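Hi,

Here is the structure I said I would pass on.

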Amino acid sequence: MPETDGRSEEEKRLEHPLPDSPLRQHLIQFEQALPPQKRRRTFETLSAWASRIQLDASLRSYLETRYDQVEITPQREEAFKQQLDAYLLRLEKESTS
């Protein structure tokens, strides 16, 4: 049985500073803006999480930045951010209708 220290996942995440990459920061902030049931679970891969919440954003830019340390063009970075922001807007509209 895993040992727990009584802290929530959110408290544990807040201890870690945001990464240098603006693209990675945006994904973290996107996740934090989601309702708890849509946030990524500790055992989920990024693609499994995106599939579960029906996030249709292309994760390629994020994956290249995160794992291959590829420099992403400002245009690709902006497109990724816009996809995440559009998802949040859609979610907000669904919750108010």
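Let me start with Glu 77, which is buried at a relative accessible area of 18% (buried means under 20% relative accessible area, exposed over 50% and partly exposed in between, with a 1.4 Å probe and protein chains only). Glu 77 sits in helix H5; helices here are DSSP runs of H or I with at least four residues, strands are runs of E with at least two, and both are numbered from the N terminus. Leaving aside residues up to four places away in sequence, Glu 77 touches Pro 22, Leu 23 and Ile 72, where contact means heavy atoms within 4.5 Å.

Before you go further: this is a predicted model, in which local features need pLDDT of at least 70 and side-chain atom pairs count only at pLDDT 80 or more, while totals for chains, interfaces and linings use all residues. Residues are numbered from 1 along each chain as its sequence is written, and side-chain values use heavy atoms, with hydrogens and water left out.

On the chain as a whole, there are five helices and zero strands, so to speak α-α-α-α-α when you read along the sequence. Of the 97 residues, 28% are buried. Among contacts with a separation of 6 or more, 49% are between residues 24 or more positions apart. The accessible surface comes to about 7,100 Å², and 50% of that belongs to carbon and sulfur atoms (areas come from the Shrake-Rupley method with a 1.4 Å probe; for residues, only the protein chains shown count as cover).

Back to H5 and its partner H2. Their axes come within 10 Å and cross at roughly 5°; axes are lines fitted to C-alpha atoms, for helices over the stretch in contact, and angles run from 0 to 180 degrees between N-to-C directions. H2 and H5 are therefore roughly parallel to each other (under 35 degrees counts as roughly parallel, over 145 as roughly antiparallel, 65 to 115 as roughly perpendicular and the rest as oblique). H2 brings Pro 22, Leu 23, His 26, Leu 27, Phe 30 and Ala 33 to the contact, and H5 brings Glu 77, Phe 80, Lys 81, Leu 84, Asp 85, Tyr 87 and Leu 88. By class that makes nine nonpolar, one polar and three charged residues, with Ala, Val, Leu, Ile, Met, Phe, Trp, Tyr, Cys and Pro counted as nonpolar, Asp, Glu, Lys and Arg as charged, and the others, Gly among them, as polar. Ala 33 is partly exposed, at 49% relative accessibility, and its C-alpha is 7.9 Å from that of Leu 88, 55 residues apart along the chain.

Now for H4, residues 60-67. Ser 61, Tyr 62, Glu 64 and Thr 65 are buried there. Seen down the axis of H4, the buried residues fall within an arc of 165°, so they line one face of the helix (the arc is that of the directions from the helix axis to the C-beta atoms). Arg 60 and Tyr 67, on the other side, are exposed. The cover over the buried residues includes H2 (22-33), H3 (46-52) and H5 (74-96).

Finally, two loop residues for you to check. Gln 54, between H3 and H4, has a positive phi near 60° and is exposed at 64% relative accessibility. Gln 69, between H4 and H5, has a positive phi near 50° and is exposed at 60%.

Cheers
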